Amino acid sequence: MAHIRTLKDVHPTRRGLVLAWWSFTVVFGGLRLLTWAIHVHVRGFGNVTAGGVHIHHYLWGILILIGVGAAGIIERSPLWHTWMGLFFGIGLALVVDEAALLIELKDVYWTGAGGVSVAIALIVIGVAGSVLALTWARGVEEREHDRSE
C-alpha cells in the first residue's frame with residue numbers, strides 16, 4: 001500500500017525543486033490577490049513608492065533571484081538547496097507576475113496584455129508540476145520504486 005510522502009521523504013536534491021514549485025504557486029496566487037486588493041482600493045493596501053515612484057514587485061524578485069544565484073555558487077548542501085528552492089520560487093513569482101509589464105515596458109497589469117503574466121505563470125506551474133510528477137530523483141527514489149514492485 002502506498003503512503004503519502006511528506007517533504008522529509010523527498011530526496012534532498014529534489015526538495016528544493018518541490019519547494020520552488022510550491023512557493024512559486026502560493027506567492028503568485030497571493031500576489032494576484034494582493035494586487036487586486038490594491039486595484040479595488042481595499043483599505044490598508046497600497047503600492048510601495050519611493051520619492052513618488054512606484055516600486056514594482058519584480059524588483060524585489062530580481063534581488064531575491066540574485067541572492068539565490070550567489071548562494072548557489074557558494075553553497076551546495078542539502079539544507080541550502082531547500083532554502084534556495086523556497087526563495088527561488090518566491091523571487092520567480094515576483095518577476096513572472098509582472099512579466100507583461102517587462103515585455104511591454106509599461107504598466108499593463110490590469111489590461112488584456114496583462115494576461116501574459118498569468119499565462120506564463122500557469123505554464124510554469126504546469127510544466128514544473130509535471131516534471132516533478134513524471135521524473136525520479138536518481139538513487140533513493142529509484143531504489144524505493146524497485147523495492148515496491
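## Two residues with positive phi

L105 lies in the loop between α4 and α5 (115–134), where helices (H or I, at least four residues) and strands (E, at least two) are DSSP runs numbered from the N terminus. Although L105 is not a glycine, it has a positive phi of about 60°, and at 73% relative accessibility L105 counts as exposed; on this scale buried means under 20% relative accessible area, exposed over 50%, and partly exposed in between, with a 1.4 Å probe and protein chains only. Most residues other than glycine have a negative phi.

H41 also is not a glycine and has a positive phi, of about 65°. H41 is placed in the loop between α1 and β1 (49–50), and its relative accessibility of 70% makes it exposed.

## Basis of the model and overall layout

This is a predicted model, in which local features need pLDDT of at least 70 and side-chain atom pairs count only at pLDDT 80 or more, whereas totals for chains, interfaces and linings use all residues. Residues are numbered from 1 along each chain as its sequence is written, and side-chain values use heavy atoms, with hydrogens and water left out.

The protein contains six helices and two strands, and from the N terminus on its elements run α-β-β-α-α-α-α-α. Of its 149 residues, 32% count as buried. Among the contacts (heavy atoms within 4.5 Å) with a separation of 6 or more, 66% come from residues 24 or more positions apart.

## Helix α1 against α3

Two packed helices are described by the angle between their axes and the distance between the axes. The axes of α1 and α3 come within 7 Å and cross at roughly 30°; axes here are lines fitted to C-alpha atoms, for helices over the stretch in contact, and angles run from 0 to 180 degrees between N-to-C directions. The angle makes α1 roughly parallel to α3, given that angles under 35 degrees count as roughly parallel, over 145 as roughly antiparallel, 65 to 115 as roughly perpendicular and the rest as oblique. The crossing of α1 and α3 is right-handed, a crossing being right-handed if the near helix is turned clockwise from the far one by less than a right angle, and left-handed if anticlockwise.

Residues of α1 in this contact include P12, L19, F24 and L31, and those of α3 include P78, L86, F88 and V96. By class, the contact of α1 with α3 has 15 nonpolar, seven polar and one charged, where Ala, Val, Leu, Ile, Met, Phe, Trp, Tyr, Cys and Pro count as nonpolar, Asp, Glu, Lys and Arg as charged, and the others, Gly among them, as polar. L79 is found in helix α3 and counts as exposed at 57% relative accessibility; its C-alpha atom is separated by 9.2 Å from that of R15, 64 residues apart along the chain.

Among the residues that make the contact are W21, F28 and R32 of α1 and V118, I125 and L132 of α5. The contact of α1 with α5 divides into twelve nonpolar, three polar and two charged residues.

Helix α2 (residues 57–74) packs with α3 at an angle of about 155°, their axes being 7 Å apart, which makes α2 roughly antiparallel to α3. This crossing, too, is left-handed. Residues of α2 including W60, I64 and V68 meet residues of α3 including M84, F87 and V95, and the contact of α2 with α3 comprises 15 nonpolar, four polar and no charged residues.

## The salt bridge

The count comes to one salt bridge, defined as a side-chain nitrogen of Lys or Arg within 4 Å of a carboxyl oxygen of Asp or Glu. The side chains of R32 and D97 form this pair, at 2.7 Å from N to O. Because R32 lies in helix α1 (residues 12–39) and D97 in the loop between α3 (78–96) and α4 (99–104), the pair ties together parts that are 65 residues apart in sequence. R32 is buried, with a relative accessible area of 17%, and D97 is buried as well, with a relative accessible area of 0%.
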